[in-house]
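User: I am new to this structure and would like a short tour. Please show it first.

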Amino acid sequence: MDFPTNYLDSALFEFRRYKTMGDKTFAQLDEADILWKYHRDDNSISQIVKHISGNMLSRWTNFLTEDGEKPWRNRDTEFEDPFITKAEMIAGWEKGWDCIFNALASINPDNFNSLIKIRNEEHTIVEAVNRQLGHYANHVGQIVLLGKMIKGDHWVSLSIPKGGSALFNKEKFNS
């Protein structure tokens, strides 16, 4: 497998993993949970999702030909006016991820070495993808932490639960 294909497959795997973590968090939340804040100046899950989806749409729409910071994006309002319903939030979440996955599917050997711009700074595709992987991982981590805080003892772990490593390893290694 060549580098571009291997790299893109790996990046897609990671993007899907982060999306799944968000999906599994949302499945545990009630309607009111998405607007909960630890402190009045903090962001709710809904605000974080609105920001991520705004970023995704801006960065990945026509990403090979247009700057990733679109003139139609208003980043500040992503933190002011959250999605009000869980259905609206999930629709925004899905729209952002669809944009990423469609953009990544458009990368091929002929355009892999293209330079693209984000806020008027040139990036290779690898640099741009890595930048966004880090950004989304950070925010999905915030979403998961808030979900855990909201659900407390009712939280269902998204990975190996505390105290479950030995059982996991036993099953993983068939020992």
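User: Which strand gives the most residues to the lining of the largest cavity?

Analyst: This is a predicted model, in which local features need pLDDT of at least 70, side-chain atom pairs count only at pLDDT 80 or more, and totals for chains, interfaces and linings use all residues. Residues are numbered from 1 along each chain as its sequence is written, and side-chain values use heavy atoms, with hydrogens and water left out. Helix 2 (45–60), strand 1 and helix 5 each supply at least two lining residues. The top contributor, with 3 residues, is strand 1.

User: What is the volume of the largest cavity?

Analyst: On a 1 Å grid over the protein atoms alone, a cavity is a set of points where a 1.4 Å probe fits but cannot get out, and lining residues have an atom within 4 Å of a point. Grid points are joined across faces, edges and corners, and a volume is the space filled by probe spheres set on the points. The whole structure holds 1 cavity of 30 Å³ or more. The largest cavity has a volume of about 60 Å³.

User: How many residues of its lining are charged?

Analyst: The lining of the largest cavity includes Arg59, Glu66 and Lys117. Asp, Glu, Lys and Arg count as charged; Ala, Val, Leu, Ile, Met, Phe, Trp, Tyr, Cys and Pro as nonpolar; the others, Gly among them, as polar. The lining has 5 nonpolar and 2 polar residues, and the charged ones number 3.

User: How many helices and strands does the chain have, and in what pattern?

Analyst: Helices (H or I, at least four residues) and strands (E, at least two) are DSSP runs, numbered from the N terminus. The count is 6 helices and 2 strands. Along the sequence the pattern reads α-α-α-α-β-β-α-α.

User: What is the bridge partner of Leu115 in strand 2?

Analyst: Two strands pair if DSSP finds at least two bridges between them. Strand 1 and strand 2 (residues 121–124) run antiparallel, joined by 4 bridges. In their hairpin, with 2 residues between the strands, Arg119 takes a positive phi near 55°. The partner of Leu115 is Thr124.

User: Is Asn111 buried or exposed?

Analyst: Asn111 sits in the loop between helix 4 (86–105) and strand 1 (115–118). Contact means heavy atoms within 4.5 Å; beyond residues up to four places away in sequence, Asn111 touches Leu64, Ser106 and Ile125. A polar atom of its side chain lies 3.1 Å from the backbone oxygen of Ser106. Its relative accessible area is 13%, so Asn111 is buried.

User: Is Val156 buried or exposed?

Analyst: Val156 lies in the loop between helix 5 (125–151) and helix 6 (165–173). From C-alpha to C-alpha, Val156 and Leu133 are 25 Å apart, and 23 residues separate them in sequence. Its relative accessibility is 51%, so Val156 counts as exposed.

User: How much space lies in the largest pocket?

Analyst: A pocket is an open set with protein on both sides within 12 Å along at least five of seven lines. Among the residues lining the largest pocket are Met21, Trp155 and Lys162. The lining divides into 6 nonpolar, 2 polar and 2 charged residues. The space in the largest pocket is about 230 Å³.

How values were computed: Buried < 20%, exposed > 50% of the residue type's maximum accessible area, 1.4 Å probe, protein only. Polar contact = N/O pair within 3.5 Å; in protein donor to acceptor, adjacent residues only side chain to side chain.
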